Amino acid sequence: MNKDLLLYEKSRPGHRTLRLGKLDVPEADLSLLPEGSQRVTPPTLPEIGELDLIRHYVLLSKKNVSIADSFYPLGSCTMKYNPVTNEHIVTWPGFADIHPEMDAGRVQGALRIMKTLSDGLAAITGLPGVTLHPAAGAQGELAALLVAHKHFHKTGQDGRTKVLIPDSAHGTNPASAMIAGFEAVEIKSGSDGLVDLADLESKLGDDTAVLMITNPSTLGLFETNIARISELVHGAGGLVYMDGANLNAIMGVARPADFGVDMMHINLHKTFSTPHGGGGPGAGPICVTDELTTYLPSPRVVEEEDGLSLDYDSPDSIGMLRGWPGNFGVLARAYAYLRRLGAEGVKRVAENAVLNANYIRVKLNDAYHVPYDRMCMHEFVCNNKKQKEFGIHALDVAKRLIDLGYHPMTIYFPLVVSEAMMIEPTETESKHTLDAFIEDMLLIAEEAKTDPDKLHAAPVTRSIGRLDEGRAVRDPQLRWTCRKG
Amino acid sequence: MPFIQNSDDDRAEMLAAIGVTTVDELFEQIPEELRYRSRLPIDDGLSEDELRAELAELASWNTTMDSGSFLGAGLYRHFIPTVVDSLQQRHEFVTAYTPYQPEASQGTLTAFFEFQTMVAELLGMEIANASMYDGCSAATEAVIMAANMVRNRNTVVVSRGAHPYTRRTLETYLKWTGIEIVEAPLDEKGRTNFDGLVDDKTCAVLVQNPNTLGVIEDIEAVATEAKANGAVSVCSAYPMSLGVLKSPGEAGFDIAVGDGQCLGTPIAYGGPGWGLFACAQKDVRRMPGRIVGETVDGEGRRGFALTFQTREQHIRRAKATSNICTNNALIALRGAIYMAAAGADGIKEVAMHSMAKAQYAAKAIAELPGFELAYPESGFFNEFLVRCPRPAKEVNKAIDRAGLLGGLDIARWYPELGEDGLLLAFTEMNTRAQIDRLISTLSHIAAAQPVA
């Protein structure tokens, strides 16, 4: 039996899963629709019964590698355990079956969750102004840059047009800067992997709007000079934005506000354990200083004498970035996570994340080249320098890891390290899992010397081998079509 | 400590391997003056049972919609077959991430290849991407894409009938782009009047169908008008209505978008949902978001991978077509499962039932003294605006007292329409008994003396 058929290839006329009960009112009168407004050609959708539908998606699910079945050290993504109870809670009707246009008095539970989560994020970052509105980290970045743009506009500083971004930053940073109406300017990393202060200083000036800095950086290094960096940016009249993708390393241990950070986003789907879902949904709250709070996106949760409500009409707000208050289901999961942790737990998360990363680093730094081989934060970057002579690339190591039962680390990012392999274990992994991973990484390093073809051929244990990704661009097939049926 | 498995002994061994004695030494990179040495002002942690008790309490503070709700306004309470929850909740889908490693992600990739096909089919378009955040952001990204497709044009004509949150999102995103928004007003029949607004400066025209007042627009005319003026046409459609109503593709639109919540996802206080995004294959390089394509491995076996990644921020950085990275994949997967469960016949059935309930209610309400349909000559799908003899706010309170959830007081979004407009939505989930109770409640208002 071919288990690799697509839904469309399993489709059989007349099969169907969803059938409604008997209509209890007269049938719809199509003649009441305006002339020419009806659909002529129905969509071609699969026709499939319930059992076949279940089998199809269960088979598909088995073709994924996930945290639930494998160690997933995907750097920069914080693939920690996603508590199952949180997945369950959000399906309760009290959270799933409520509408954002209902009167505030009917949704005080939802609003309380949002308020308490906001307060928690403010405590962790030290930045008092919080919005939970952005749908993901990239939208949080954009929101913050729009806040900055509005702030400069309101204060007569329209000449501030440049956003400075270190070369190790996520690609979303420059992309968001463009949409927010700024020009992105790259700042070099120094030989220590940190922001090159001289390069930064040379680029600061009257036209500086914002410095976007990821701290800890995507190299897993804490920007030791962060206070000085903030001082320089503030001295030039700019604002400091922190990309909070790596907050997991420092929460409870250090507060971004104390670094001089004015604005930051937090990826709830990284630090706060909400699942990644094969690419989302996330949530990208931003936290800002008191001064900037007035510009935050709408709506925001506000507390008044008669309870909590949503304010859609704050006059200085940059406006909305999406429909409705936010990804409430994600926010509720993050709330649940934060309530489980408590103040003590938040700090333990950071400590154990950093401990796990350093443990792997010291165990691998003989077999693999670690360009910045010093104490790291929650992740570290190594590369193929020691395997290159055998013709082994980062991609080969990654693909071999798949055969050994792992999801690979992040590869070829950050761009400042050639053939980067970025490993982030997170705090939820146990020592014995890390030991097994270390052993397998050492095995791969050995195989690179003795049997490089094995690495080049990998993976061989999945439903498919390495794909011709070039062909997907040269001859794009972006949907199923009948001719293949 | 919740979710941390290592014991103190494990930690001691690991610290020794690293060559330090305390956890604190691991943070040596952070200057002491930047360390936070106080206790965070956050409550103590809870056990799982304590957490569930607390959340059950908070959930009980919310009023659910199951007693009978007539609130839609962009989010619709359609039936969700159990298979949707059951399959979406599989750990292998929930706890994977973006499928950058295709051999380890064929489940997600295959599901999204099928998803793209189903979305394109539903909208009547050639191709679709692997989803956006929601309908508002999809419409906004469509306008930005349109602006990049035509040169030297800097206005976008947007129907006032487009969802207010779509228009507000668009304003936020376009604020610093130099693209100007021109609003096309609604006429006395509740339809958008684009007359004289689309010209050689227009890069895009955006219309929503049905519009926020529930009125079915003449979308074909909008697409034709845009085309005649060299502008890109964008249609935001209510996906469920496409079981009955003309698709954006049939009407000739260049880009079609929509909000996917109605296809198998609970309203959940407005998110997470997902957005549909479709266009012509020739425009794929300008499309935002992730796209899955078919290819083969070394042995010629069919497989799927993310493709056209050079459009995206992680490669193209400042020149990307959008800044989107993480999208709403898991919720879009719900949409895929729903569309497969329903099939074309199922979507049509749901659409027909929803429309039947709305028509049943509209007929009865129009007969009540003092009540009338705001746009009796215009067609509607499952939602319509009613003029009430009293302010909509008060009417809603009476509906509340009857144990139902009323509609949207339209003055909140369209103050020019006055205080007596109530927007009521119906789906297959509304029983005849609920609708009869609504009508009976309204009839009491009709009979009552107006308050001076």
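**Contacts, domains and strands**

Tutor: Between the two chains, the contact takes 166 residues from chain B and 171 residues from chain A. The model is predicted: local features need pLDDT of at least 70, side-chain atom pairs count only at pLDDT 80 or more, and totals for chains, interfaces and linings use all residues. Residues are numbered from 1 along each chain as its sequence is written, while chains are lettered from A and ligands numbered from 1 in the order in which they are written.

Student: What makes two residues count as in contact?

Tutor: Their C-beta atoms, placed from the backbone, must lie within 7 Å. On that basis, 166 residues of chain B and 171 residues of chain A take part. Helix α11 (residues 329-366) of chain B supplies the largest share of chain B's side, 23 residues.

Student: Which domains does the assignment give for chain B?

Tutor: It gives domain 1 (82-339) and domain 2 (343-447), with bounds from an automatic or database domain assignment. Their C-alpha centres lie 29 Å apart, and their contact takes 15 residues from domain 1 of chain B and 19 residues from domain 2 of chain B.

Student: Why is strand β11 (residues 383-387) of chain B called largely enclosed?

Tutor: A residue is buried if 20 or more other C-beta atoms lie within 10 Å of its own, exposed if 12 or fewer, and partly exposed in between. Four of the five residues of β11(B) are buried, so the strand is largely enclosed by the rest of the structure.

Student: How do you know that β11(B) pairs with strand β13 (residues 421-425) of chain B?

Tutor: Pairing requires that DSSP find at least two bridges between the strands. Five bridges join β11(B) to β13(B), and the two run antiparallel.
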